[in-house]
Every structure is written in C-alpha cells, then in structure tokens.
Amino acid sequence: MSARIRLLPNSAAPDGRGRMSNIAQQIPLFKVFMAPEAALMPRLRDVLYSGAISEGPPVAEFERRFAEFIGQPQMLSFYSGTAALHTALLLAGVGPGDEVISTAMTAEPTNLVILQTGAQVVWADVDARNGNLAPDAVAAKITPLTRAILVVHYGGIPASIAALRAIAERHGIAVIEDAAHALGARYGGKPIGAHSEYTMYSLQAIKHMTTVDGGMLACRNPDDLPRGRRLRWFGIDRAAPRTEVDVAEVGYKYHMNNVNATIGLVQLDYIRPVLERHIANGRYFDAALRGIPGLRLCAWDAAAEPSYWFYTVLAERRDDLARRLGELGIGNSLAHKRNDRHSVFAASRCELPGLDRFYDAMLHIPCGWWVDDAARERIAGALRQGW
Ligand SMILES: Cc1ncc(COP(=O)(O)O)c(C=O)c1O
C-alpha cells in the first residue's frame, strides 16, 4: 500500500508550525478514503481531457464492475444516492395518494424523496436495540394505501430483512432498501442488494466508498432498467436518435458522469481492504466494549453481518459520554436528527417509543478504515474509564 492509504491517521503529524505535536491525535468520526494519487490521477486526467465527460463508456463500465462487486447484475448509476432512491420509488409505482412506511432514524434524504413523489410518509417504530425498522411495527402500519416499505440499514447494521420481506410479500408491496450506510454488509449469507426489489447505495463523500458524489440502484427486475435509464435522463432514451425520441414521462437529470465513474472505477480496486477494516474494527468493539457499566451495544438478527459505517453505542448519560470522548480527541456524534422532528414531516407525527429509547441513548464513534489498532484500543480504553 502506498503512504496515501496507510492506516495511520492517528500517528504523530506535524502541528501548524511544522513541529510534531505530542498531544493526542484526533480520531475523526468520518474520513474520506481516496485511492492513491499514482493510481487515480492519470485516469482522472485522461477522462477530464478526453472531450467526453458526461455519461459515456466509463459509466457503463463502472455500472458493470459495481454490479460484479455486489453480485447483483441489474445495476443503474446515478449522480447521488438520493437520486437513486427517488427513482426506486418511481419504479415501484409510488405516487400521490400512496403511503410509504419508513423509519425516522435516518438521514433526511431517505424520507424527503417520498414527499417528492407526492406520497405520504408513514412512520413505523424502530427496534430500540439498533434503530432499524421493527417488523411488528411495520405490519401494524400497513393500509390499503401502502405502496412500499423503505428500509434503512442504519449505521451499516442490516435491518430484519427476512421479516420485513415476509410482510411485504404478504401484501404484494415492494421493499426498497436504503443501503447508504451498508455497503459490504450481508444478510442470510448474501450481500445487501440481493434481497429486495430495489437497493440503493450512496457513493457520497463520507460513505464507505465514494465517487465524490454518486449513487447506485440494484433492481431485481431487469424490466425496470429501460425506464430507470429514461427517468435518470429527462425521460429520454439516450440510445435513440435525439430527434426521434418521445418524452412520455417526466424525467430528471440524475445520471452519473464519466468523471465520477472514473473515480469509482479506481476506488473499486481498493475498496475491499477498506470494508474489511471497518468490519474488523466493528467486531473488535463488539467484543472489547462488552460489559462496560452504563453502556449497551447494539444487537441484530443472527442472519445479519454489519459493515459498521460507524459504531453505535447506547449510553446512559449519553451527553456526558460525548463530552468526555470529545475532550479525549475521539470523534463522536449523533450524525442524524430523527426525521419525525422536522416540520416538513409534521403530517406523519405519531408515538415512536422504540425510537425515543434508541435516540436518547445513541452515540456514534469512529470505526472506519482510518482507525488503526492503537486508535481502537484508545477508544475502548476511554470507554472503559467511564464518564
Ligand atoms: C441513510 C441515507 N440515505 C440516503 C442518503 C443520501 O445519499 P446521497 O448523499 O448519496 O444522495 C444518505 C446520505 O447522504 C444517507 O445517510
């Protein structure tokens, strides 16, 4: 590995005056992984000056390689995960008058795209052990208007896919998985992306893998691909001569370009060890943080294998713990505001006692590729000392 990707972000580094600092180095909660300069820059230079920077062969090649990486052949690329998720809802037939059951424990785009279709967001409560949709709560919210269930794998912990899919199949509705946090996670021995009608991945800056911005959509049904391609480009079929196309449906400017795709092609060459380190760190914390007074660890289905985008602990006096970790230079955050507290979702308000318990205790700590052995021991030691 080149110096650019060595897992040493917490080793001594020059301070602002060029001297080596002897204070504890910050361990950030998020850090962008970018492939080594020597591998990336020639490819990037080539595409930037190729005269073809919009959607072309590099995008098709990236879709093919990302599909291969996930093991799910029907893959569409987008400019963002949000665009991919919006398109998934449209492909699932969601529109005005429909209801989509979703979780409030997520980033805002998960739920804003539901409103963008004209449908109503219906909150189902979460499992207080991990912040993911609780299947019983979802089943209780099904109505004749329910068109889809939008499932988030919060922080990289797979939701209870088997039970959620059973509910969806019973009612003949689609499951759309928001796997923005869950690249590399598995459920039932298969990758996330192999289970539902639609699975979205985000390639935004701080995700496991980034193309600067980007999103992917795995579609189970190959018949979705032509419409998905039209929806992402103004409703136009790019393969047909421009003057012979007919725009029959409103489309969007959601396509990925050759520049982002080229970054993605290089990133894919380096992503496995990045994911492996997230997972190794997560498993380390699963063992090392057990039994600390005042601290609970998340729990999940036996079939789930998380990819630990960050590591979530559930703490008594959470704000005191956050302050203490901050003093010790250990990045931590709530990362997301529960979406039901935004006024744009006021019409969906309801009691969510599982979410109350999870949200009041959750704290996310660093777990990614930049957390080396010394850093993770320092984090575990800090938690063991108490707060
Ligand atoms: C859970 C979740 N869903 C959707 C998104 C949107 O993805 P993007 O930023 O790629 O549009 C994000 C984050 O950005 C997210 O965290």
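Trainee: Which residues make the nonpolar surface patch?
Mentor: V32, M34 and V212 make it. The patch covers about 210 Å². Keep in mind that this is a predicted model.

Trainee: Where does V32 lie?
Mentor: Look at the segment before α1 (37–48). V32 is in that segment.

Trainee: And why does V32 count as partly exposed?
Mentor: Because its relative accessibility is 40%. Partly exposed runs between the buried limit, under 20%, and the exposed limit, over 50%.

Trainee: New topic, the ligand. Which residues come nearest?
Mentor: There are 15 residues around the ligand. T82, D178, H181, S202 and K207 come nearest.

Trainee: What does T82 do there, in terms of distance?
Mentor: A polar atom in the T82 side chain sits 2.5 Å from a ligand oxygen. H181 also has a side-chain N or O atom by a ligand oxygen, at 2.7 Å.

Trainee: What about T110?
Mentor: There the ligand atom is a nitrogen. A polar side-chain atom of T110 is 3.3 Å from that nitrogen.

Trainee: How much of the ligand does the protein bury?
Mentor: 90% of the 380 Å² that the ligand exposes when taken alone.

Conventions:
Residues are numbered from 1 along each chain as its sequence is written. This is a predicted model: local features need pLDDT of at least 70, side-chain atom pairs count only at pLDDT 80 or more; totals for chains, interfaces and linings use all residues. Side-chain values use heavy atoms; hydrogens and water are left out. A residue is near a molecule or strand if one of its heavy atoms lies within 4 Å of it. A polar contact is a pair of N or O atoms within 3.5 Å; within protein, one must be able to donate a hydrogen and the other to accept it, and residues adjacent in sequence count only if both atoms are side-chain atoms. Accessible areas come from the Shrake-Rupley method with a 1.4 Å probe; for residues, only the protein chains shown count as cover. Patches are made of residues with over 30% relative accessible area and no salt bridge: like charges are joined within 9 Å, nonpolar side chains (Val, Leu, Ile, Met, Phe, Trp, Tyr) within 5 Å. A salt bridge is a side-chain nitrogen of Lys or Arg within 4 Å of a carboxyl oxygen of Asp or Glu. Helices (H or I, at least four residues) and strands (E, at least two) are DSSP runs, numbered from the N terminus. Buried means under 20% relative accessible area, exposed over 50%, partly exposed in between (1.4 Å probe, protein chains only).
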